[in-house]
Amino acid sequence: MTSRAQFVTEKVDFSLGIHSESEIFSVRSGIPMHEAFEQLYGLLDGATAAVDALAMEGGGVQSPSPLWSISINLNMAQALLEAMHSGFICNRQPGSAQ
């Protein structure tokens, strides 16, 4: 039986604000790529929905909540993407632990 290497995420710490000095959130290591991609899709879908809501409101000046959703979802998506990329790179290098 041939075993296939399962690509997983590497841990990535992040914060949700540009003024934060501490990275209090993290993407866990060891998450299978297919699950990470599903989560990434959900985060990007949420950001897209928020952008669509802003467009429908004519700029979104009256309701700041979609703006926060865009910021949070995109920050989380970026951290997840970084973790997935790091996991892929780490697992495809010769001699890396599988």
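**Ground rules.** I am reading a predicted model, where local features need pLDDT of at least 70, side-chain atom pairs count only at pLDDT 80 or more, and totals for chains, interfaces and linings use all residues. Residues are numbered from 1 along each chain as its sequence is written, and side-chain values use heavy atoms, with hydrogens and water left out.

**Confidence.** I checked pLDDT, the predictor's confidence in each residue, from 0 to 100. The chain average is 79, and 80% of the residues score at least 70. A reminder to myself: where pLDDT is low, predicted coordinates should not be read in detail.

**Layout.** I took helices (H or I, at least four residues) and strands (E, at least two) as DSSP runs, numbered from the N terminus. I found two helices and two strands, in the order β-β-α-α from the N terminus.

**Core.** I then looked for a nonpolar core, a set of buried Ala, Val, Leu, Ile, Met, Phe, Trp, Tyr and Cys residues joined through side-chain atoms within 4.5 Å. The largest one has 13 residues, of which V27, A36, L40, L80 and M84 touch the most other members. Strand 1 (12-14), helix 1 (33-57) and helix 2 each give two or more residues to this core. Helix 2 gives the most, with five.

**A36 and T9.** Which residues is A36 in contact with (heavy atoms within 4.5 Å), leaving aside neighbours within four places in sequence? I found T9, I31, L80 and M84. T9 lies in the segment before strand 1, and T9 counts as buried because its relative accessibility is 1%. The T9 side chain reaches the backbone oxygen of R28 at 2.7 Å. Not counting residues up to four places away in sequence, T9 touches several others, including S29, M33, A83 and G87.

**A79.** Leaving aside neighbours within four places in sequence, A79 is in contact with V12, F14 and V27.

Conventions:
Buried means under 20% relative accessible area, exposed over 50%, partly exposed in between (1.4 Å probe, protein chains only). Contact means heavy atoms within 4.5 Å. A polar contact is a pair of N or O atoms within 3.5 Å; within protein, one must be able to donate a hydrogen and the other to accept it, and residues adjacent in sequence count only if both atoms are side-chain atoms.
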